Amino acid sequence: MAIAVNIYYTGIDGNARRFAQEMVSSGTVEQIRAEMGNLRYDYYFPMDDPETVLLIDEWENQTAIDKHHTSPMMATISSLREKYDLHMKVVRYVSETGDIPAQDKQYIRK
C-alpha cells in the first residue's frame, strides 16, 4: 500500500517556483529521494497557475513518511517554506492493490 501526498505550494511573485528550484539545487530533493521508502519526489507546475507548484511525494507506507518527518531534511524544507512565505494545501492518496479495472483499461494508451 503506497501513499502519495500531493502538496500544492502557493506563493507570490514566483516564490513557489524559486522554492522548488532551491530544493533541487541545494541537493535536498536528491537526499529525500535516497531515503528508505521514498518512491517519488517530483515537482510540477500547473499551466494555469504560475504561483503554485505541485509536489507529488510518494512513499511505501506511513512508517516511511514518519521517518522522513523526523529527518534533517524537514528542517531545511520548513526553513525554505518560511523563506519563500509559502502556503500549502495537502491531499493524500492511498493506492489500491490489484490491477486496473477492465473498464478503465480501455482509456489507457500504451
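At the start of H3, a side-chain oxygen of Asn-61 comes to within 3.2 Å of the backbone nitrogen of Thr-63, where a polar contact is a pair of N or O atoms within 3.5 Å, one able to donate a hydrogen and the other to accept it, and where residues adjacent in sequence count only if both atoms are side-chain atoms. This is a predicted model, in which local features need pLDDT of at least 70 and side-chain atom pairs count only at pLDDT 80 or more, while totals for chains, interfaces and linings use all residues. Residues are numbered from 1 along each chain as its sequence is written, and side-chain values use heavy atoms, with hydrogens and water left out.

Helices (H or I, at least four residues) and strands (E, at least two) are DSSP runs, numbered from the N terminus. Helix H3 covers residues 62-69, and its buried residues (under 20% relative accessible area, 1.4 Å probe, protein chains only) are Ala-64, Ile-65 and His-68. Seen down the axis of H3, these residues fall within an arc of 100°, taken from the directions from the helix axis to the C-beta atoms, so they line one face of the helix. They pack (heavy atoms within 4.5 Å) against strands E1, E3 and E4 and helices H2 and H4.

| Residue | Relative accessible area |
|---|---|
| Asn-6 | 11%, buried |
| Ile-7 | 7%, buried |

Not counting residues up to four places away in sequence, Asn-6 touches residues including Ile-56 and Tyr-93, whereas the contacts of Ile-7 include Val-53 and Met-88.

Notes
Buried means under 20% relative accessible area, exposed over 50%, partly exposed in between (1.4 Å probe, protein chains only).
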